[in-house]
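Here is a short report on one structure. It covers a nonpolar core and then a DNA-facing surface.

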Protein chains: 2
Amino acid sequence: MQRRKTPTKEAVLKILKDSGRAMSQEGIESEINIEINRATIYRILNRFCEDGLVHKIVAEDGKQYFALCLNCSEKKHRDNHFHFRCLSCQSIECLEEPVNFSVPAGYQVTSLNCVISGVCKDCYQHTRLS
Amino acid sequence: MQRRKTPTKEAVLKILKDSGRAMSQEGIESEINIEINRATIYRILNRFCEDGLVHKIVAEDGKQYFALCLNCSEKKHRDNHFHFRCLSCQSIECLEEPVNFSVPAGYQVTSLNCVISGVCKDCYQHTRLS
DNA sequence: TTATTAATGCGACTATGTTGCAATAATAAA
DNA sequence: TTTATTATTGCAACATAGTCGCATTAATAA
C-alpha cells in the first residue's frame, strides 16, 4: 500500500515540524489552518508512526502525543529519549537525554514511554516574576 | 477529612498487596471477590494515591494502573522507578531500578511516568518452548 | 481520459474515567 | 446504647479519546 501526497497530510506534517513539540490530535486541529476531520488526523498520525516518520508517546493524562523530534534522523525515528511535559503550558517536548536502563535477565524490550512532568523553564520564570 | 475503614477499601488493598503488580480498575474488579461499583474503585484508588499508599502510572494503552510496590517503604511511596509492561500477559510490574535522568537548567520536576514495554521472562520462555 | 485504490468525512461506537446526588454506613458524641 | 455527623457508596449521566465501517472523493497509474 503506497502513500499518496495529500494537502491534509502535508499540513499535519508542517504543524509538527513548526512546533518542534509532541502534539495531540486536539492541539493539531486547533493549530492547523485547514479543516480536517478528527478521525482523519488520527489516521494520518498513525500512518506517520508506521512509516517511522514520527513517534508516539502517551502522557500521564492518558492522551497520545505525536512528535517529529529534531534530534532524530530523517530515516529512523527513535523514542528512546525522555520527554518533558509542562503542567503549566501543557507542551511536551523531546529531551536530548537518552533513557538509560536495564531490565532483569530474560526480559525482552520493544519500546519505551518515559515522560517527566513538571514546569518548564519559561513557565517557571513567569511564575517567579508575577 | 478523615478516612474510614470499609470492607471495599480493605478488599482493594488486599488485591493490590497479593498481586504485587500495578493493576487497573478493570483488573481489580475482575479479581476481587466482592462486588464493587466501578466509580467506587476509582475513588478508593485515588484516595490511596492522595494518602501516598500507592502510586499511579499510565501505560502506553492510556490506562491508569495503581501499584503498591514492594520496594517502597510503607510510609512514603515513590514512583521514581521504571515499570515493565508485558505485552503478552498484560501485567505491569515495578522494577527495582530507579530512573536516572537530568533535565535542562531551569526545569522543575514533579513526577515521573516511565514504562518499558516488551515481553516478560515467563512469557518469553513460553513462546520459545511452544 | 479512464481505471484503480488510497485517503477522507461522517456517523456510530467503545472504553476509560469523572461527577452529582441520594442512600448507606462508619465513627464520634450524647 | 442511642443519636448525630459525615465519609463512603451505588447509580446514572456525562465527558473525552480513540477506532471503525462505509460511501465518497481524489491522487496516481494505465
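The largest nonpolar core in this predicted model holds 22 residues. Within that core, A:Phe82, A:Phe84, B:Phe82 and B:Phe84 have the most contacts. Strands from both chains build it. β4 (81-86) and β6 (108-119) of chain A each supply at least two residues of the core, and so do β4 (81-86) and β6 (108-119) of chain B.

Take A:Phe82 as a close-up. Leaving aside residues up to four places away in sequence, A:Phe82 touches A:Glu93, A:Cys94, A:Leu95, A:Glu97, A:Pro98, A:Val99, A:Cys114 and A:Ile116 in chain A. Across in chain B, A:Phe82 touches B:Val99, B:Asn100, B:Phe101 and B:Cys114.

Which part of DNA strand C lies within 4 Å of the protein, sugar or phosphate, or bases? Of those DNA atoms, 62% belong to sugar or phosphate, and the rest belong to bases.

| Residue | Protein atom | Distance to a phosphate oxygen of DNA strand C |
|---|---|---|
| A:Thr40 | polar side-chain atom | 2.8 Å |
| B:Tyr42 | polar side-chain atom | 2.3 Å |
| B:Gln64 | backbone N or O atom | 2.5 Å |

The elements giving two or more residues to the surface near DNA strand C are α1 (7-19) and α3 (38-50) of chain A, plus α3 (38-50) of chain B.

Terms used
Residues numbered from 1 in each chain as written. Chains lettered and ligands numbered in written order. Predicted model: local features only at pLDDT ≥ 70, side-chain atom pairs only at ≥ 80, totals over all residues. Heavy atoms only, no water. Core = buried A, V, L, I, M, F, W, Y, C linked by side-chain atoms within 4.5 Å. Buried < 20%, exposed > 50% of the residue type's maximum accessible area, 1.4 Å probe, protein only. Helix = DSSP H or I, 4+ residues; strand = E, 2+ residues; numbered from the N terminus. Contact = heavy atoms within 4.5 Å. Near = heavy atom within 4 Å. Polar contact = N/O pair within 3.5 Å; in protein donor to acceptor, adjacent residues only side chain to side chain.
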